Amino acid sequence: MYARIAGTGRYLPPKVLTNADLEKMVDTTDEWIRTRTGIQRRHIAGPDETTSSMATEAARNAMEMAGVGPRDIDLVVVGTTTPDVVFPNVATLVQANLGIRDTPAFSLETACSGFVYALGIADKFIRLGDSKCALVIGAECITRLVDWTDRGTCVLFGDGAGAVILKPSEEPGILTTILSADGAYGDLLSYPYGVSKGFDQLRAGAPAAIQMKGNEVFKVAVNTLSRLVDQTLAKAGIDREAIDWLVPHQANLRIIQAAAKKLELPMKQVVVTVTDHGNTSAASIPLALDTAVRDGRIKRGQTLLLETFGGGFTWGSALVRY
Ligand code: ACO
């Protein structure tokens, strides 16, 4: 028994922030941002939008494509680093918004890897027979954690949500997943303020924001993703020629190009949305997936490699027959 993607969906906030807009906010240029990251614009959540409101819209979109209603769904998993509140968790907020009742509903926080982790867990629920219709979401309001005066980070991020519906199938679907992490790298990329740590500083109005040693993150990301590609292919027992599409985490075009090179895959077989979305953390892969499904690039029966890397560090992959 496999878990198969029955539908995909996405939501992007209407407000768009371009590189030209950022030029007016910090000492940067469109040219610098494009050359170093590939990003041209990103969507920013409005004051009334939240991670759960965006997740709900993406879920509606995926449910419509899959032809399922709230009563069909028996599992809700959300990957996010930016929950609306500490609790109730985002998955239960989505549940309430959509009228899904009496199912497991939980969020997990593995930074940019949140969606792949959520997918890997839902895959196991389905393979074990514990779910017949899972709603899996990556959603992020990450720009709320950004210091808009820090040019080193504020140009990178955007908000949004993506979702998939998974159903059991005898035909191949998710072929394999790898989930991994190494906490020794925690300090290279963090938002070190929360509830049991840094709370007093937050209350006192500390200038809390994402902290990142960009150069070092870049190097570990490229090396780890390169190893991950080999591990995933070996675990699934397939050659790299079998991959039709790379659907990577959208942090930086140069990191994506390095992964494509490792796979010897031309960029025309790589789904790139970082240009228009920026780094939306856990939302980036399902946003990219839905974009390429709906514009007709990704077709049924094709083999996709999803791969991600994020704060923690966490990383993971999913090899998927769509
Ligand atoms: N505009 C203009 N100049 C800038 C900007 C900016 N927005 N930001 C930094 N600079 C300057 C720096 O101050 C520095 O100047 P200096 O040489 O006078 O000191 C110079 O540009 C080079 O800075 P670096 O940090 O070395 O630039 P780099 O080429 O490494 O690019 C970047 C920075 C884009 C952040 C890159 O390191 C990167 O992408 N790292 C990966 C981290 C990442 O993607 N994080 C996102 C979250 S994690 C994830 O999703 C994987």
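In the predicted model, the loop between helix 4 and strand 5 (105-108) contains D102. This residue is not a glycine, yet its phi is positive, at about 60 degrees. The relative accessibility of D102 is 81%, and the cut-off for an exposed residue is over 50%, so D102 counts as exposed.

A positive phi is also found at S281, where the value is near 55 degrees and the residue is again other than glycine. S281 belongs to the loop between helix 10 and helix 11 (284-294). Its relative accessible area is 1%. Because buried means under 20%, S281 is classed as buried.

Two cis peptide bonds can be described in the model. One joins F87 and P88, with omega at about 5 degrees. P88 is placed in the loop that runs between strand 4 (75-79) and helix 4 (90-98). Another joins G312 and F313, and here omega is about -10 degrees. F313 sits in the loop between strand 12 and strand 13 (314-321).

Helix 9 spans residues 253-263, and its buried residues are I255, I256, A259, A260 and L263. Viewed down the helix axis, these buried residues fall within an arc of 140 degrees, so they line one face of helix 9. The elements that cover them include helix 8 (214-236) and strand 11 (245-248), as well as helix 10 (274-277) and strand 12 (303-310). At the N-terminal end, helix 9 is capped by N252, which places a side-chain oxygen 2.7 Å from the backbone nitrogen of R254. Just after helix 9 comes E264, which has a positive phi of about 55 degrees.

For the protein overall, the secondary structure amounts to eleven helices and 13 strands. The radius of gyration is 18 Å, which agrees with the value near 20 Å that a compact globule of 322 residues would have. Along the principal axes, the C-alpha atoms fill a box of roughly 55 × 45 × 35 Å. Of the 322 residues, 52% are buried. When contacts between residues at least 6 apart in sequence are considered, 75% of them join residues at least 24 apart.

Note on methods:
Residues are numbered from 1 along each chain as its sequence is written. This is a predicted model: local features need pLDDT of at least 70, side-chain atom pairs count only at pLDDT 80 or more; totals for chains, interfaces and linings use all residues. Side-chain values use heavy atoms; hydrogens and water are left out. Buried means under 20% relative accessible area, exposed over 50%, partly exposed in between (1.4 Å probe, protein chains only). Helices (H or I, at least four residues) and strands (E, at least two) are DSSP runs, numbered from the N terminus. The arc is that of the directions from the helix axis to the C-beta atoms. Contact means heavy atoms within 4.5 Å. A polar contact is a pair of N or O atoms within 3.5 Å; within protein, one must be able to donate a hydrogen and the other to accept it, and residues adjacent in sequence count only if both atoms are side-chain atoms. The radius of gyration is taken over C-alpha atoms; the globule rule is 2.2 Å times the number of residues to the power 0.38.
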